[in-house]
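Dear colleague,

I am handing over the structure we spoke about, and my notes follow below it. Please read them with the structure open beside you.

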Amino acid sequence: MDAYLKNFGECLQKEPPFCGAECPFHMDMHGFIEKIRKGMWSAAFKTYRNAVGFPRVAAALCHAPCKSVCPLSERGGAVEMALLERACLSFAKDLGATSYNVPAKRGRIAVVGAGAGGLACALRLSAKKYNVEIFEKEDHVGGGLCEILPPDLLAREIEEQFKHEEYELRLSCEIENRSFLNERGFDAVCVATGEGGYDFGLLRAEGDKGDRYCLRDGNTAWFACGALIGDDGIYALSGGLYMGIVIDNFLKTGNLFYPPNAAATRMVLDAARLTDAPAVFPQNGEGYTEDEARGEAFRCLKCQCDACKLYSDLCDFTGKWPLRIRDEIAATTLPGVSEIKATPAKRLLSASNTANICREICPAEIDLEGLILEGRRSMHKQDKAPWAFHDFWLRDMDFADGPEAALCMAPAAAGTCAYAFFPGCQLGAGDPRLVEAAYDALLEKHPDTALLLRCCGAPAEWAGNEDKNAEAVAEIRDAWRGLGEPVMLFACPSCMEILGRRIPEMPLRSLYETLADRGANVPDAGVSAAAPCAPCGEWAIFDPCAARRNAHIKSAVRKLASEAGCKLTPLPVQERVTRCCGYGGQPSAASPEYAAFVAEKRASESALPYIVYCANCKDIFIKAGKECKHILEILFDPPGAVLADKNASLNSPGVPFRLATVTERRHNRAELKRSLLEKYWNGSSADQADRADQDESAARPRLKIGEALLVQMDEDRILEEDVREVVDFCERTGRKVYSEISASYSGYRKIGHMSYWVEYRPTDSEDEIELLRAYTHRMEIALEAVWNGVKTNVDM
Amino acid sequence: MESKQTWICDRCKVEMQLMDTQFNYLKRSFRHKALRCPSCGQVFIPEELARGRMRDVEKTLEDK
Ligand code: SF4
Ligand code: SF4
Ligand SMILES: [Zn+2]
């Protein structure tokens, strides 16, 4: 966790914009621009005045160095900051100085020289309510400013800005040596005697830490600023204001600390933010009208590092910056009970993708998703993660890795295998025909290709459950070794990315590269125009997040698709910034809203139908109503039904594709295993055992479930097996309640963490029960077996 | 309709009544009234409750 938190220290979000860094006063440009946009002239003026001390002087003096660094200077012209500042002077109703109500401070400061630097320093320090005395050898103030500005403007400005401050002014009083002021008990002296003025030894002095232009003499600290040290023009003024801060710091800490007043910025602006609007020029040739000024302010890009805001779905959805999310995660994962501490990111941790897009697009490589995964691990370790956020997929993983669906077989013919096909558990769940067709094609090419049906462990990784994840990885490693360490061929880029990371010694390749190799046996029939939805016409390939850095897969899929006759048009953003479809990290239980938001964003990037090569992308897009095909569908266009079971007709040719329900997804996996065993290994003992299982369940009354309820159950991720188990339980134990109105029974059973409820009624047929409702809750009904001190010994 | 609905414990053949029930979720326990059989204690949670108020409380607890 610490490494991630440290990584966030590099975040550039709070770096100043280019203009702000270049501005001698480091004015708060964003605040200034925003106020002008809103027409808040007095507020904008105040920002300006706080930055420059003497706004009329600054407006006359400043040559707008900020313009030299504005990224718009080559795109329509740098933002006309100086004109905007003058617009504030014209339009602000309140041009008065602000009175700061702060208590008087201890600390006596002498300012030598009443030119721009000295006056500015005196203004800052007197506003902080120090005791300030100005010594000026002439009989008037202003120094070099008197030569540049009309005397009455200067006099008015000085009077205005010092209006609320108290200070002593000693005119015609030349200071000749340090001891004069030392002896008078000043704590600090600011020397601003102007160009060529007397330096009191400061020009060659060095402070405690090697900073230039300062020294300690007895109890008095001496500093030089302004034109004396080479800061002329506007820099004399800004240097004097800065001096005020330096001396304030000295008086507070006793440190002789005087670094140069240059603020660099590490800020990086995303090129997508650049625009081309031309600078607004004042119609009257002199100054802006209010509208002109506001127009110019709207042209400003308000430069800020915000690649994350532009590209991270989580930042977009929550409206939060990574730094804020970091703070929330840090607070949430802090050990301790949640009663006494805030856990703002509890849901957010699971309601986010884990596809590392931040690190990819962030110029500082801030690893927001890495932090999120680390946070999930921390929550899991502390047993504080709500189980409901990941439970469904962990159970799904258990099924995929269990006896009904998992399979690890070397081809009967081959002695050792050079390859092993790892389709991943979701491809076969959604459409088992694709796994079969792909395996056929692989065997044709490499007869020594083994088959490994199971889950890659992603759900455990995404749940932060390291032990479970490590277990899955160890099993896969063992299976791979058992097969003679073949090259693993992956259909799913996510499995490939995860296992490539976890088992680095395992050689891997994507199925698509293998198929795209010359000589691959991709049936020509697959592209026949007679097939429904033939892949003629225009498509966009949607690259999954896990393939982001894998140029080989990307080009292999493109090659396959164009060879199949698809006309491909690139997606404008996804090709450049390959973002997640919303599946990665499985956020949909913790925040279905977030998952839908992401899916919609990806789906709407183009009106073209998508070709995907990740089974999850396909499910996500189909669910979002987007026309979409898996590349394997295009290549093989396999005959027969998507669904292994009873609903087969739903996906027959000519019938619009319907996604398999959660229940069907399990059947599909089991059926895939069964049919592959039958096809390539002549059935097996495992097969027999499964059949015995089936026979047993066939003995129970069938469940009749209406179409609407099936859809609802799928939405709620309720399996027919779950429902079956509850009905059986109610019937076996008699634990059910009867409703006279509907002549139905209701009852529940806790399966895993979840409580499942059913309402059902007998039908005219002995061997059929009609299901009326199925629903769940996450809370557990406690102590039901113990009621009124009577322990009922029901089978719970 | 819903208010007139009566539920009968199928084991004890008595009408379910609103009674104190204890729930646990995410290491927290609390009591709330729910339909129970006054004789054997069996609980009934209607769908509306599970999808409505209960879901809201679950959400709140998940965020805590
Ligand atoms: S992209 Fe976002 S997270 Fe990265 S440095 Fe910039 S502001 Fe920070
Ligand atoms: S675009 Fe705006 S914020 Fe960016 S450098 Fe120019 S003036 Fe500053
Ligand atoms: Zn009862």
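In this predicted model, five strands of chain A make up an open sheet of mixed pairing, and they follow one another in the order β7-β9-β8-β10-β11. Its edges are held by β7 (407-409) and β11 (508-510) of chain A, each of which has a single partner strand, so one side of each is left without a neighbour in the sheet. On average, neighbouring strands here are turned by 25 degrees against each other, if direction is ignored.

As for the overall layout, chain A is divided into domain 1 (18-95 + 268-299), domain 2 (108-253), domain 3 (307-383), domain 4 (392-675) and domain 5 (702-787). Between the C-alpha centres of domain 2 of chain A and domain 5 of chain A there are 84 Å.

Finally, which residues surround ligand 2? They are A:Pro17, A:Cys19, A:Cys70, A:Pro71, A:Val79, A:Met81, A:Cys300, A:Leu301, A:Lys302 and A:Cys303. Sorted by class, this shell around ligand 2 holds nine nonpolar residues and one charged residue, with no polar residues.

Definitions and conventions
Residues numbered from 1 in each chain as written. Chains lettered and ligands numbered in written order. Predicted model: local features only at pLDDT ≥ 70, side-chain atom pairs only at ≥ 80, totals over all residues. Heavy atoms only, no water. Domains from an automatic or database assignment. Pairing = 2+ DSSP bridges. Helix = DSSP H or I, 4+ residues; strand = E, 2+ residues; numbered from the N terminus. Axes fitted to C-alpha atoms, helices over the stretch in contact; angles between N-to-C directions. Near = heavy atom within 4 Å. Nonpolar A, V, L, I, M, F, W, Y, C, P; charged D, E, K, R; others polar.
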